Amino acid sequence: MEDKLFDDPAKPLYALRVASELSKTSIYSLRQYVDAGLILPYKTSSNRRLYSQVDIKRIHCIRKYLDDYGLNIAGIKAIFAQVPCWLLKPCSEADCRQCDAYTSATNPCWQVTVKGPTCKNEDCRVCPVYRLPEQCSNPKSIYKGLQNVKLNVTLEP
Ligand code: SF4
Ligand code: SF4
């Protein structure tokens, strides 16, 4: 039964205090990351935030960027903003052109105001793009996740 709980790493399981302990990160810092949009905890109907294993891994990743690479929160957001989400989703050129994520250099796709039709009603928490840095050991690993994606679109800015 307990094993089933961990079948889906994106399943919201942990309250803020537990997430803080598991990630060895202060509650204050976790709130900062959430406010900045670096992590997307699940919100219950009573407005309680729950964190998944994916979120915990992302927090470890964020800590690495902050502590080992000397980046700040804006810098980390800019790294996440460079991920070409349209290569990982079935996103057409027309969709891209309707989406702020295609041009934003500062906000990750899950944070942009105007999303294209491909992502309008998607749950970003389970999306492979949100989950890419889940296993990161350095910023390049985000792009290594794209290694096997065939570039079948050629879009001009
Ligand atoms: S609709 Fe926007 S966010 Fe979604 S894959 Fe396309 S460019 Fe990215
Ligand atoms: S579902 Fe969310 S995280 Fe995934 S590509 Fe679309 S906006 Fe980005």
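Reader: Let's start with Ile79. How exposed does Ile79 count as, and with how many C-beta neighbours?
Author: Ile79 counts as partly exposed because it has 18 C-beta neighbours inside 10 Å. The scale runs like this: buried takes 20 or more other C-beta atoms within 10 Å of a residue's own, exposed takes 12 or fewer, partly exposed is in between, and the C-beta atoms are placed from the backbone.

Reader: And where is Ile79 found?
Author: In helix 5. Helices here are DSSP runs of H or I with at least four residues, strands are runs of E with at least two, and both are numbered from the N terminus.

Reader: What about Gln82, buried or exposed?
Author: Gln82 is exposed, because 12 other C-beta atoms lie within 10 Å. Gln82 sits in the loop between helix 5 and helix 6 (93–97). Its C-alpha atom is 8.2 Å from that of Ser104, 22 residues apart along the chain.

Reader: Before I go on, what are the ground rules for this thing?
Author: This is a predicted model, where local features need pLDDT of at least 70 and side-chain atom pairs count only at pLDDT 80 or more, while totals for chains, interfaces and linings use all residues. Residues are numbered from 1 along each chain as its sequence is written, and chains are lettered from A and ligands numbered from 1 in the order in which they are written.

Reader: What does the chain average in pLDDT?
Author: The average is 85, and 80% of the residues score at least 70; pLDDT is the predictor's confidence in each residue, from 0 to 100. Residues 150–157 stay under 50, and the model has five contacts for them beyond four places in sequence. A contact means two C-beta atoms, placed from the backbone, within 7 Å.

Reader: OK, overall layout. How many helices and strands are there?
Author: Eight helices and two strands, and the order from the N terminus is α-α-α-β-β-α-α-α-α-α. Of the 157 residues, 25% count as buried. Taking contacts between residues at least 6 apart in sequence, 60% join residues at least 24 apart.

Reader: Which residues have the most contacts inside the largest nonpolar core?
Author: Tyr33, Ile59, Ile62, Cys85 and Val129, in a core of 26 residues. Helix 3, helix 4, helix 5 and helix 7 are the elements that give two or more residues to this core, and helix 4 gives the most, with five. A nonpolar core here is a set of buried Ala, Val, Leu, Ile, Met, Phe, Trp, Tyr and Cys residues joined through C-beta atoms within 7 Å.

Reader: What does helix 4 pack against?
Author: Its buried residues pack against helix 2 (16–23), helix 3 (27–36), helix 5 (73–81) and helix 7 (128–131). Among those buried residues are Val54, Asp55, Arg58 and Tyr65.

Reader: Why does the length of helix 4 agree with what it should span?
Author: Helix 4 has 15 residues (53–67), so at 1.5 Å a residue it should span 21 Å, and its end C-alpha atoms are 21 Å apart. The expected span is 1.5 Å times one less than the number of residues.

Reader: Switching to the ligands. Which residues surround ligand 2?
Author: Cys85, Lys89, Cys109, Trp110, Lys115, Cys119, Glu122, Cys124, Cys127, Val129 and Tyr130. To be near, a residue needs its C-beta atom, placed from the backbone, within 6 Å of the molecule.

Reader: And which come nearest to ligand 1?
Author: Cys85, Cys91, Cys99, Gly116 and Cys119, out of 14 residues around ligand 1.

Reader: Cys85 again! What does Cys85 touch?
Author: Not counting residues up to four places away in sequence, Cys85 touches Ala101, Cys109 and Val129. The C-alpha atoms of Cys85 and Tyr130 are separated by 9.2 Å, and the two are 45 residues apart along the chain.

Reader: So is Tyr130 buried or exposed?
Author: Tyr130 counts as buried, because it has 24 C-beta neighbours inside 10 Å. Tyr130 is in helix 7, and beyond four places in sequence its contacts are Leu40, Trp110, Cys124 and Arg125.

Reader: Last one, backbone. What is phi of Asn47 near?
Author: Near 70 degrees, a positive value in a residue other than glycine. Asn47 is in the loop between strand 1 (42–43) and strand 2 (49–50). Lys24 has a positive phi too, near 55 degrees, and lies in the loop between helix 2 and helix 3.
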